[in-house]
Amino acid sequence: MWLPLLGLILGISLGLLTEIQIPEVYESYLSIAVLAALDTLFGGIRAQLQRVYDDKVFVSGFFFNIALAAALAFLGVHLGVDLYLAAIFAFGVRLFQNIAVIRRILLTKWSERKINS
Amino acid sequence: MKKTVYIRFTFILLVVGFMLAVQYNTVQNPETRDTRDVWAIRQELAKEKLLHSELLSEVRILEETTGKYENMISDSPKAALNDTVEQLKKEIGLTEFVGPGLTITVEPAMESIAIGQTIDEISPDLLIRLINEINRFKAQAVDVDGKRIIYSSAIRDVNGNTTVNNLEVKRAPFTINVGVTTVEDAKKMYNQLEASPIGDEFFIDNLRLAIGDPVNDVIVSAFDQSVSNEFLLETPEGE
């Protein structure tokens with residue numbers, strides 16, 4: 001349970017301590033990549049809770065989503081259309097849906113446990 | 001099975017955390033690029049050098065004062081203090097200034113007299129503009145029609161009359177005495193005033209600005225009113 005949290009803390013501290021900065025032009029790519037990663041992450045948690053988790057789907061989804069989002073942003077920059085907004089919208093909606101499903105599952109589990117005890 | 005899931009999540013969270021931190025770094029302290037070219041940098045360097053030399057000369061003056069204090073403290077501390085007071089009075093403009101400078105005469109424009117136009121008093125705005133122009137060229141002491149300009153001098157319109165230090169400035173012609181540090185400065189100021197468009201501004205008001213030649217002994221009168229002091233308090237004796 002604590003291992004993923006440790007990973008998050010480790011990643012954040014690694015990023016903060018190395019003080020890596022990316023050029024301003026690539027900022028939108030990174031932000032969209034972060035969103036894609038978060039989306040995949042919550043999708044994975046939901047799948048795990050619904051017991052439909054698949055390793056391959058999760059890992060491939062993580063990298064594929066990030067790449068797709070970055071590609072959309074890239075295309076948008078070159079076409080002069082803010083295509084990254086489409087990615088932000090899609091990921092945002094999915095993020096909310098996933099979190100809602102996770103909440104419901106956890107609530108159901110919690111109430112079941114209460115009834116049992 | 002469960003363990004591999006945790007390891008996968010840990011790895012993904014590590015990447016997410018790293019990306020978040022990098023994004024945070026980028027947003028919080030954006031890297032500002034130095035886009036100045038060599039000339040811009042040289043100009044800034046020149047500005048800093050000027051400041052440097054000004055500070056050095058100030059330090060020298062202060063060191064001289066402390067040296068004087070140290071020398072005189074055994075003989076007569078009162079004399080040293082009086083010296084400082086005199087120096088401060090000189091700086092603020094409470095004493096007469098005698099030194100290099102030039103005299104500017106504001107007189108009615110001949111053309112206006114010829115066609116019979118009335119010559120009005122100089123307006124406060126025009127006078128302020130002239131004083132600013134003079135100060136821009138490093139004037140040490142300025143008086144307008146015998147009224148010394150100090151840090152708190154007010155040039156304004158009182159009941160339709162232009163006043164300096166609350167004293168009326170007479171109608172043209174009147175003189176403005178300007179004191180500077182060296183004769184070279186006076187020459188420079190003469191040239192700069194001749195070249196500046198301020199003369200044209202005077203002509204619009206039917207006045208003419210006659211800038212006298214730089215001389216070695218211009219007399220700028222002292223400020224003869226009391227200076228109000230809001231911030232310094234006298235220390236009671238014996239403390």
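In the predicted model, strands S4(B) and S5(B) form a hairpin with two residues between them. Within the turn, Asn159(B) has a positive phi of about 50°. Strand S4 comprises residues 155–158 of chain B and strand S5 comprises residues 161–164 of chain B; their pairing is antiparallel and runs over four bridges. Across this pairing, Ile155(B) is placed opposite Val164(B) in S5(B).

Leu127(B), Leu130(B) and Ile134(B) are buried in H5(B). These residues lie on the same side of H5(B) because they cover an arc of only 60° around the axis. Asn132(B) and Arg136(B), by contrast, are exposed on the face of H5(B) turned away from its buried side. Just after H5(B), Lys138(B) adopts a positive phi of about 60°.

For residues 5–24 of chain B, an unreviewed UniProt entry lists a "transmembrane region". In the model, this span is 100% helix and 0% strand, with its end C-alpha atoms 28 Å apart.

Chain B also meets chain A, in a contact that takes 23 residues from chain B and 32 residues from chain A. The side of chain B that touches chain A consists of 15 nonpolar, six polar and two charged residues.

Definitions and conventions
Residues numbered from 1 in each chain as written. Chains lettered and ligands numbered in written order. Predicted model: local features only at pLDDT ≥ 70, side-chain atom pairs only at ≥ 80, totals over all residues. Contact = placed C-beta atoms within 7 Å. Nonpolar A, V, L, I, M, F, W, Y, C, P; charged D, E, K, R; others polar. UniProt positions renumbered as here; feature names shortened; annotations may be inferred. Pairing = 2+ DSSP bridges. Buried ≥ 20, exposed ≤ 12 C-beta atoms within 10 Å, placed from the backbone. Arc of directions from axis to C-beta.
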